[in-house]
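I wanted to get my bearings in this one before doing anything else with it. Here is my notebook, opened at the page where I started looking things up.

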Amino acid sequence: MITLIDTGAGNLASLEGALDRLGLGHVRAERPDQAADAGPMVLPGVGHFEAAQQMLRERGWWREIPHLVADGRPLLGICLGLQLLAEGSEEAPRASGLGLLPGIVRRLGPGVKVPHVGWSRVQQHTAHPALPDPQESWLYFVHSYALEPGPETVYTARHGRPFSAVEARGRVMGFQPHPEKSGPVGLRLLQAALAWMGADASVPEAPCN
Amino acid sequence: MPAKRVIPCLDVKNGRVVKGVQFKALRDLGHPVDLARRYDAEGADELVFLDISASQEDRSTREAWVRDVARELSIPFTVGGGVASVDDARRLLRAGADKVAVNTAASLRPALVSELADAFGRQCVVAAVDVKRDPDLGWRVFLKGGTEPTDRAALPWLQELCDLGAGELLLTSMDRDGTGQGFDIQLLDRASELPIPLIASGGAGLEIHFLEALEHGADAVLAATLFHEGTLPIPRLKAYLAHNGVLVRI
């Protein structure tokens with residue numbers, strides 16, 4: 001069972017629709033005690049770094065997420081969710097991130113339109129056991145800040161400069177694009193990432209005559 | 001460099017997609033989810049839904065179809081029409097819209113744009129602006145679906161929207177809208193100098209019109225009838241654009 005961390009600001013409907021289409025069971029959790037007993041957790045997010053962080057604090061997630069991850073629970077951050085997993089962000093210099101992924105999130109630009117809205121190609125940066133070489137696939141991005149490519153970067157994209165599109169450290173992963181908004185390619189990546197994190201497809205059993 | 005986007009625009013009234021000329025009978029084109037699925041499959045990069053329902057009661061039905069669209073669609077979509085407060089926007093975003101478009105309410109109370117940007121991030125805020133050429137103002141801003149002239153000149157207003165926190169501009173040339181004679185290129189030249197993405201709307205009739213708009217600084221092109229009627233299928237348009245050197249998602 002996949003636990004969707006509900007920060008109150010995020011848009012969960014699209015993600016839930018995508019998981020349904022993939023046949024993956026999921027539950028919304030406003031607080032850690034509503035999380036499923038096992039399985040991957042997904043931290044989606046739109047909005048401002050500090051506002052999202054505040055909401056996660058109020059709902060008890062900010063304290064609990066590092067414990068859950070230390071206990072081996074896989075965690076996938078999407079968009080702002082990825083940024084919250086990093087060490088910090090220029091968007092909120094006074095606040096720190098969860099520090100589960102390396103690096104500081106920096107503002108895109110100068111010299112390009114910000115926010116970076118739309119479809120950009122991604123390239124493989126480091127081979128990963130679960131994620132295939134994207135071969136310049138198009139994914140959908142909506143963001144103003146991004147992590148710089150580093151040793152734990154799996155895919156990169158470019159907007160003015162290269163930035164990290166997918167990060168992975170153990171079973172903690174982050175997607176800067178929205179796989180649930182990136183057509184069939186995005187769905188396949190989401191499926192691959194979640195399968196690697198241990199999500200079970202609740203495919204009905206085939207009858208064996 | 002993100003791909004240039006091709007965006008079908010759908011007018012919705014009382015939960016149905018309609019095609020209509022003002023003051024004339026509206027033709028029912030189907031449920032938003034069915035149209036959304038079709039455009040998703042055809043390779044549209046994004047959808048814009050403009051809810052032209054007149055009353056507040058009609059608008060309350062839209063959360064239901066926005067939720068249905070969000071669950072079915074694997075590309076992003078914007079919803080606009082009568083968004084006048086952070087609360088209005090929150091309901092749409094909670095239901096699954098990726099962005100909200102504001103128009104009349106933003107002109108009447110510009111602080112709305114900043115409030116939305118502060119609450120949800122500027123990437124969620126599309127400022128829709130309808131303009132008409134004007135001897136005094138260059139281009140004049142109109143409200144309420146183009147029925148009500150204002151004293152605003154378009155270009156300074158676009159700049160102001162940008163400063164207030166709009167994440168994108170959806171700029172419709174009323175002179176060109178429905179003519180099929182091409183986008184207002186001079187308008188696009190000026191508006192694309194602003195530092196946020198620009199969606200060109202109004203006037204598309206042929207493939208070359210889209211190419212012109214994109215070559216003149218638009219980041220995305222929007223059309224309605226041309227796509228709805230199947231006059232110009234999206235795969236054909238994208239193949240044409242790619243053939244002419246435009247970066248599109250195929």
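What follows are my entries, grouped by topic.

**Ground rules.** This is a predicted model, where local features need pLDDT of at least 70, side-chain atom pairs count only at pLDDT 80 or more, and totals for chains, interfaces and linings use all residues. Residues are numbered from 1 along each chain as its sequence is written, while chains are lettered from A and ligands numbered from 1 in the order in which they are written. My helices (H or I, at least four residues) and strands (E, at least two) are DSSP runs, numbered from the N terminus.

**Where the chains meet.** I looked up the contact between the chains, and it takes 26 residues from chain B and 27 residues from chain A. Being in contact means that two C-beta atoms, placed from the backbone, lie within 7 Å. On the chain B side, H3 and H4 (86-95) each supply at least two residues. H3(B) gives the most, with four residues. I sorted that side by class and got 12 nonpolar, five polar and nine charged residues. For the classes, Ala, Val, Leu, Ile, Met, Phe, Trp, Tyr, Cys and Pro count as nonpolar, Asp, Glu, Lys and Arg as charged, and the others, Gly among them, as polar.

**H1 of chain A.** Is this helix buried or exposed? Seven of the nine residues of H1(A), residues 13-21, are buried, so the helix is largely enclosed by the rest of the structure. I use buried for 20 or more other C-beta atoms within 10 Å of a residue's own, exposed for 12 or fewer, and partly exposed in between, with C-beta atoms placed from the backbone. The buried ones are Ala13(A), Ser14(A), Leu15(A), Glu16(A), Gly17(A), Ala18(A) and Leu19(A). They pack against S1 (2-5), S2 (26-29), S3 (41-43) and H5 (183-196) of chain A, together with H3 and H4 of chain B. After H1(A) comes Gly23(A), with a positive phi near 75°.

The axes are lines fitted to C-alpha atoms, for helices over the stretch in contact, and angles run from 0 to 180 degrees between N-to-C directions. Angles under 35 degrees count as roughly parallel, over 145 as roughly antiparallel, 65 to 115 as roughly perpendicular and the rest as oblique.

- H1(B) (32-42) and H3(B) (62-72) pack at about 25°, axes 9 Å apart. They are therefore roughly parallel. Pro32(B), Val33(B), Ala36(B) and Arg37(B) meet Trp65(B), Asp68(B), Val69(B) and Glu72(B).
- H4(B) and H6(B) (111-120) pack at about 40°, axes 10 Å apart. That pair is therefore oblique. The contact is made by Val86(B), Ala89(B) and Leu93(B) of H4(B) and Glu115(B), Leu116(B), Ala119(B) and Phe120(B) of H6(B).

**The core.** Which residues touch the most other members of the largest nonpolar core? Out of 140 residues, they are Val100(B), Val102(B), Ala127(B), Leu169(B) and Val221(B). Such a core is a set of buried Ala, Val, Leu, Ile, Met, Phe, Trp, Tyr and Cys residues joined through C-beta atoms within 7 Å. S7(B), residues 125-134, gives the most, with six residues. I checked Ala127(B) beyond four places in sequence and found contacts with Val102(B), Ala106(B), Val113(B), Leu161(B), Ala166(B) and Leu169(B). Val126(B) has 28 C-beta neighbours inside 10 Å, so I put it down as buried.

Most residues other than glycine have a negative phi, and most peptide bonds are trans. The bond from Gly109(A) to Pro110(A) is cis, omega near 0°. Val114(A) and Pro115(A) are also joined by a cis bond, omega about 5°. Pro110(A) sits in the loop between S6 (104-107) and S7 (116-121), and Pro115(A) is in the loop between S6 and S7. Cys79(A) has a positive phi near 60° and counts as buried, with 28 C-beta neighbours inside 10 Å. Gln135(A) has a positive phi near 45°, but with 10 such neighbours it counts as exposed.
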